[in-house]
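Thanks for sending this one over. Here are my notes, as numbered points to go through beside the viewer.

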Amino acid sequence: MSRIAVIQKEKCNPLGCGNFLCIRVCPVNKMGKECIVEEGKKPKINEELCTGCGICQNRCPFEAISIINLPSELDKPPIHLYGKNGFHLYSLPTPIFGKVVGIVGVNGIGKSTAIKILAGVLEPNLGKLDNKEVDYKELIDYFKGTEAQVFFEKVKNKQIKISYKPQHVDLIPKQIKGKVKDLLKKVDEKKEMGRVVKELEIENILDNDVTKISGGELQRVAIAATVLKKANLYIFDEPSSYLDIKQRLKIAQFIKSLVRDDVSIVVIEHDLIVMDYMADLIHIMYGKEGCYGVVSQLKAAKAGINSYLDGFIREDNIRFRDHKIKFEVKPPVKRGKENVLTSWDVMSKKMGKFKLETTEGNIQRNETVGIIGENGIGKTSFVKLLAGVEKPDKGEIDEKIVVSYKPQQLEADSDELVMSVLHDAIKSHTKDLINPLNIKSLYMKKLSQLSGGELQRVAIALALSKKCDLYLLDEPSAYLDVEQRLIISKIIRNVAEITGRSILVVDHDLLFIDYLSDRLIVFEGEPAVHGVEKGPFSMEDGMNSLLTDVAITLRRDEESGRPRINKPSSIKDREQKEKNKYYYG
Ligand code: SF4
Ligand code: SF4
């Protein structure tokens, strides 16, 4: 077993720990050797002398040190090392011509580094820090006999042209100004703008300024700009963020349709239903955020996603999560008048030009209800009515219940420390919320310093730690990576089981909703004009109404029980459509 020592320099604060605590506690140093030394005002660990006792890691108050015992399978040097005691990346994803290759894994474990190397933008150092340039020949030798060898030979011969859709589309308006159509015309090397804008349904916003369009529109503009460029390797980094369920399914179909024999597509995606549908092959990436990342061998998409849900990669003998995610049939919720927690009449509410209407409905005690529908169709407004944040113009809602509400838009302009915001949660929910949501390292940060994903985790912990009758969670999966989504699904299920309280979850991640929900509320109508809330329905009826609309059928995977999209016109797809069973519960 090999060992690496990583120091996250941005976390290390030698003054804050009382002057290099790690150097003072290291037993090897105490024996007179120089295992940890000071270099450039930060500590440096000599991995050859380190015994792996872990004392420095445990004593560092800022969690800046990680001593990691790597599995023996990783006996090769890393592909890239960011300096002494820096981030290690092991292996690389392999683009395959004629296929969509998906990458599934947590954030912060080297996906961007890997992409830069694939694109030829970053020259990997193969773990050597002697500043000598690594010859591409060495890289080709590293991958000898694999598909990656073929790919890097092409990179070396400058035969790869890459087009990349970045992860953070929200940054685009900060860099590019002007009308959407001018932006797209500029990059339209293939002269296919007309067809692409139609397929991505962005014709109506062509005259809008890039700074004035929504996140979902920006995402589709960025995807259009990527595919209009002439390239033979297209990389899409999180193409489903900001998109609603319908748009996600359409984007998945669109990206899949780009495959040609001489074109390779690589997709990084956290929505597993979308990923499963798009990808032919999957790499799992695992490791420790900020410390190291490992790219698994390629697997067929189905096996790759099942392996991800299992938390175990058999071929590499790696367990990267201590529990499996299983899609089990949920026990039926006791229904009936006596079990109703809250109910509402036919209601309506006008907000500017938008009108929301509801049918009659109720939430039962001890049930989790998923809410699905397009963007701008009134889901959040409905949740606000239930939470008592807004009052209906017509109709009534039983308001006698106490609601704990996590809004969709998270306000982060406060200088309050996470520790003080979560004071009560820290006192009584360390085991069930704080630890699994990995919030301890955020205690001393101000809310205004948190990233979108960090803020989301804090907001979920805050909402779920309150005593109430009903939890309302509006888009809890936004900004979270796949692993965090799976952890949060498990937390929400546990809270529902342990407290017996009811939970309402609005989300666009269908796998997440399927895993959690006992029943479904579905929204129909015309975005930004009017929305109609319907339900709650049984899962089958609710899903059927959504899927009929997008002409997609779902089946259950025999092994994991997770829902999978049927290939259009496949036998299963046709059979299910004939029977009007778009969803198999
Ligand atoms: Fe102090 Fe931790 Fe930095 Fe060592 S790594 S100097 S213990 S803050
Ligand atoms: Fe020293 Fe132990 Fe830390 Fe290694 S793990 S650097 S031996 S304290």
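Where is Pro536 found? Pro536 is found in strand S25, residues 530-538; helices (H or I, at least four residues) and strands (E, at least two) are DSSP runs, numbered from the N terminus.

First, some housekeeping. This is a predicted model, in which local features need pLDDT of at least 70 and side-chain atom pairs count only at pLDDT 80 or more, while totals for chains, interfaces and linings use all residues. Residues are numbered from 1 along each chain as its sequence is written, chains are lettered from A and ligands numbered from 1 in the order in which they are written, and side-chain values use heavy atoms, with hydrogens and water left out.

1. **The cis bond.** The peptide bond between Gly535 and Pro536 is cis, with omega at about 5°. Most peptide bonds are trans, and most residues other than glycine have a negative phi.

2. **Positive phi values.** Tyr242 is not a glycine, yet its phi is positive, about 70°. Tyr242 belongs to the loop between S9 and H11, and it counts as partly exposed because its relative accessibility is 32% (buried means under 20% relative accessible area, exposed over 50%, partly exposed in between, with a 1.4 Å probe and protein chains only). Ala551 also has a positive phi, near 55°; this residue lies in the loop between helix H21 (539-550) and strand S26 (554-556). With 41% relative accessibility, Ala551 counts as partly exposed.

3. **Leu243.** The loop between strand S9 (233-237) and helix H11 (245-256) holds Leu243 as well. Its relative accessibility is 0%, so Leu243 counts as buried. Leaving aside residues up to four places away in sequence, Leu243 touches Gly216, Gln219, Arg220, Arg248, Ile251, Asn375 and His508 (contact means heavy atoms within 4.5 Å).

4. **Strand S20.** Five of the five residues in S20 (residues 368-372) are buried. Thr368, Gly370 and Ile372 point one way, Val369 and Ile371 the other. S20 pairs with S23 (residues 502-506) in the parallel sense over four bridges, where two strands pair if DSSP finds at least two bridges between them. In S23, Val506 is the bridge partner of Ile371. Four bridges also join S20 to S24 (residues 519-526), again running parallel, and here Ile372 stands opposite Val522.

5. **Helix H4.** In H4 (residues 111-118), six of the eight residues are buried: Lys111, Thr113, Ala114, Ile115, Ile117 and Leu118. Just after H4, Gly120 takes a positive phi of about 80°.

6. **Ligand 1.** The residues around ligand 1 include Cys12, Cys17, Cys22 and Cys60 (near means that a heavy atom of the residue lies within 4 Å). Its shell divides into eleven nonpolar residues, one polar and no charged; Ala, Val, Leu, Ile, Met, Phe, Trp, Tyr, Cys and Pro count as nonpolar, Asp, Glu, Lys and Arg as charged, and the others, Gly among them, as polar.

7. **Ligand 2.** Which residues come nearest to ligand 2? Of the 13 around ligand 2, they are Cys26, Cys50, Cys53, Gly54 and Cys56. The shell around ligand 2 has ten nonpolar residues, three polar and no charged.
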